[in-house]
Amino acid sequence: MPVILPPTKAPTLTELLDDIAESRALVSSVLAGTKHSPDARIRGIGPLRSASADELSFVVSNKFKDELAITDACAVILPPGMQAIAPAYAQIVCDQPYLLYALIARWFDVKRQPTIQPGCHASAVIDETANVDPTAVIGPHVVIGAHTTVGAHVHILAGCVVGSNCEIGANSILYPNVTLYDNTRMGARCILHAGVVLGADGFGFAPNPMLAKGAWGKIAQLGGVRIGDDVEIGANTTIDRGALEDTVIGNGVKLDNQIMVGHNCQIGDHTAMAACVGVAGSTKIGKRCIIGGAAMFSGHISITDDVQISGGTAITSSIETPGRYTGVMPSGPHAQWQRNAAVLGKLSDLRKRVRQLERNPDEIE
Amino acid sequence: MPVILPPTKAPTLTELLDDIAESRALVSSVLAGTKHSPDARIRGIGPLRSASADELSFVVSNKFKDELAITDACAVILPPGMQAIAPAYAQIVCDQPYLLYALIARWFDVKRQPTIQPGCHASAVIDETANVDPTAVIGPHVVIGAHTTVGAHVHILAGCVVGSNCEIGANSILYPNVTLYDNTRMGARCILHAGVVLGADGFGFAPNPMLAKGAWGKIAQLGGVRIGDDVEIGANTTIDRGALEDTVIGNGVKLDNQIMVGHNCQIGDHTAMAACVGVAGSTKIGKRCIIGGAAMFSGHISITDDVQISGGTAITSSIETPGRYTGVMPSGPHAQWQRNAAVLGKLSDLRKRVRQLERNPDEIE
Amino acid sequence: MPVILPPTKAPTLTELLDDIAESRALVSSVLAGTKHSPDARIRGIGPLRSASADELSFVVSNKFKDELAITDACAVILPPGMQAIAPAYAQIVCDQPYLLYALIARWFDVKRQPTIQPGCHASAVIDETANVDPTAVIGPHVVIGAHTTVGAHVHILAGCVVGSNCEIGANSILYPNVTLYDNTRMGARCILHAGVVLGADGFGFAPNPMLAKGAWGKIAQLGGVRIGDDVEIGANTTIDRGALEDTVIGNGVKLDNQIMVGHNCQIGDHTAMAACVGVAGSTKIGKRCIIGGAAMFSGHISITDDVQISGGTAITSSIETPGRYTGVMPSGPHAQWQRNAAVLGKLSDLRKRVRQLERNPDEIE
């Protein structure tokens, strides 16, 4: 059920671009098509292959040229060099078509939101020492602990539990059933998706043979979690509190769903991680890194700025040079893998045999 | 604490089979044992090795023949060629013993359920425009948004938060603390386990250098999530909403716990995935696929019908031929792995050396 | 925001050690420093490199000798051979410095906790047949089902949903938004972090072609979950109920976040698992095992006691000998990996070529 505005609320292309301030810098020209002019009303956004005649679409590269030829969209955002001669659709020529699409999608998303009245739902349980801005929206069954501060225009949706001594910066959104432990702080404009847990105890234990053979004694986790501005955290992602100091997530970091960040980690500004990534304790990841899904980091290592890690890669030692790093076991038909795996388990033997051949080929029988 | 019915409520074997309609097609014969007749009362189900004399058990293949010889169960479901001569237990001969066991387990599960009265708990917060069938059960602290439809005999258990414009088909169950974002639709007889999150924003960002070097601009996710009939989704699994169109899960799909399905994915009918699988955005998986635990799929690829993926395998490109695919790093004692890993990191060198040997063996050394 | 006590509440070093019973056995001597005596007040704990002059720190090995030389801490726990001559800080000489640090951290953690009054929050929904100890703390919006027993001094925090016929042992803590299905039992002093789900249905299905081609029939999961004493379970970890018997977690087991334990598994006493581990159904793991993050276990295998598994390793068959096991694909610069991966996919060919060279080197070329 994608967003489709009723015709009466749909803007013309001209109105839409006028309403998005950034479009003035991004759009170099708007060309009428044979069937659709810039006065066409835009009811939604669709992919080239399935957009209807009242939807806008976009294309980022020549890779999708074929779909451009057959689209029904009434307007298409495209990069310079890709304009067609007299197509049916209006053409919005733009150096960064993906960014303009993002801005337009945001416009449609905001327009469809129902206006929620500020205030606290009657069923919310808010400690009397908490400081909740009057413009904030606190949903049903929310719990907010002592001495916690909730900024202007924050939305805390149903079922969230926010501990004591927390800070939630202005314009942040907590989707339902998020849990913040005590002493969790986050900046402005953060988005926390459902099921996120910030500030659970880090995994710290000391062997305690006084209890029992092999027993573990818990190490209290005395630090907290500190999140910058403009951070988005995906559903069911968990970030543990520090053992002594805070676990720190920089500004503009984007974390997908089901990510695990261990205690004492530091993630640099604008780093993005796809889903299911795990970062073990005390590891430091630099700025502007891009981490593929299900990548895993050992603890106590350091990754410099501007590193890309391929999905599924295990990083077990520090990385000091920017660039892309990979380590994924290739897959293939099962029987083929079985043959290769058998050799894999004896790889050092194989190298010995090659060495032997190199040394003295004539002695081999 | 497995299910054990009190003797007064326990059925005889004959009564039990009579009560399960499918048993007429499945069971070819029921043979009395030397100690137990088909009139024995069945209080529960147990594995062969530990079943007590008032429990039924089952065996699917010769692999468990030894356990069959020593079981105390009063009745055993077994496939045709496995009948014993005069065993203590009654024998239920059946072409598909595992399926008959499943049907009997379901019988015991249903019988033990307390009867919950339909209706909405007083603490639930239900929007006045929501349409909740009078036969539905809405638990404590549940929240249901505007214009959402809840079908007949649906159970929404404590702490669930259901957004606006959702549809929940008849006889579906939402276990506690499930979150559905706006515009999530599911068919009939679905089971969502605790902590499931459907419809969180897909992970979509466009580089936005206008904000800061390396900064990401959020792409609003305008699609929804659409789930078929008879889908089961395990605890803490997350399925993101589509960017422009819906993320789609087919009929009869079975997802285990802690699975992540990215935005715009499509999963075909009757596909089953074990726990911890990740499917990156826009990937399409066919019908009747079986995906092992912790397998990972790259984004924007397509897997045909009837594919099996081994656990722990990373699939990085499309698969067009049915069959089994694998790619798992073999494990072994640490020292042995270290030796092999050292060679692994120089594998292309090793091949060069072999090539060199093949070309001109006499020149070596 | 680490824990820092106000000066008036901060103990002297002597008072602190006196208050921790185990310190008498652990500490061999306390030496005054040139600037700080054992009468110095300790307001918190910090790492050597950043501890302030009113914080205590610790060092476990010579690896951190350099940081010891420059620390501002007023007191340092250190192992016997590491005492300095006349340092500024007081020295607490101790055979097991990490364990003493753990005990002191616990002291600081307990001291900072606000005293919560026992009793049930007015918004909690507690079945009249549940048996809640009067010393227990039941938070807002908690739900507790029929015939469930909650022991002395248990804390069940906001938003938790506890099913019917559960048992929660004395002094256990359930952090917010935990879900326990019916028939879940746990011992004393357990800690369940936010979002934990215990007792969801195991992933059990039987092919049921009577429904549709490729369709799966659900197998009711009739067992429960049984957790020992002193078990800690990390945020969003899930442990499924058994199919026929219980899934069993031994005493003193420590599970990190986002772990998945399948139905019918058994985990032995004092085994510890780092985050993101997956254990497929019916697998048995022994006592005192240490499992690295993101390791994965196939189903129906058995791991003996005292096994260590490296992070990211897939274990696909039983292990009968204690020791460390590893299987991780090494990572490196992407181009290098590509070259190696190309060979990996043809490894059995490479072995054939080596074999050929060994057999008859002169015939090559």
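Two strands pair if DSSP finds at least two bridges between them. Strands (E, at least two residues) and helices (H or I, at least four) are DSSP runs, numbered from the N terminus.

The model on screen is predicted: local features need pLDDT of at least 70, side-chain atom pairs count only at pLDDT 80 or more, and totals for chains, interfaces and linings use all residues. Residues are numbered from 1 along each chain as its sequence is written, chains are lettered from A and ligands numbered from 1 in the order in which they are written, and side-chain values use heavy atoms, with hydrogens and water left out.

**Stop 1: a sheet in chain C**

Select chain C and colour its strands. An open sheet of 9 strands runs in the order S8-S11-S14-S17-S22-S25-S28-S31-S34, with parallel pairing. S8 (131-132) and S34 (302-303) stand at the edges with a single partner strand each, so one side of each has no neighbour in the sheet.

Now select residues 225-227 and 247-249 of chain C. These are strands S22 and S25, which run parallel and are joined by 3 bridges. C:Val225 stands opposite C:Thr247 in S25(C).

**Stop 2: where chain B touches chain A**

Show chains A and B. The contact (heavy atoms within 4.5 Å) takes 75 residues from chain B and 72 residues from chain A. Together they bury about 5,900 Å², 64% of it on carbon and sulfur atoms. Buried area is the accessible area (1.4 Å probe) that two parts lose on being put together, summed over both.

Next, pick A:Glu358 and B:Arg353. Their side chains meet in a salt bridge, at 2.7 Å from N to O. The rule (a side-chain nitrogen of Lys or Arg within 4 Å of a carboxyl oxygen of Asp or Glu) finds 3 salt bridges across this interface.

Among the elements of chain B that each supply at least two residues to the side touching chain A are helices H5 (334-344) and H6 (347-359). H5(B) gives the most, with 6 residues.

The bridge partner of A:Pro333 in S37(B) is B:Tyr325.

**Stop 3: chains B and C together**
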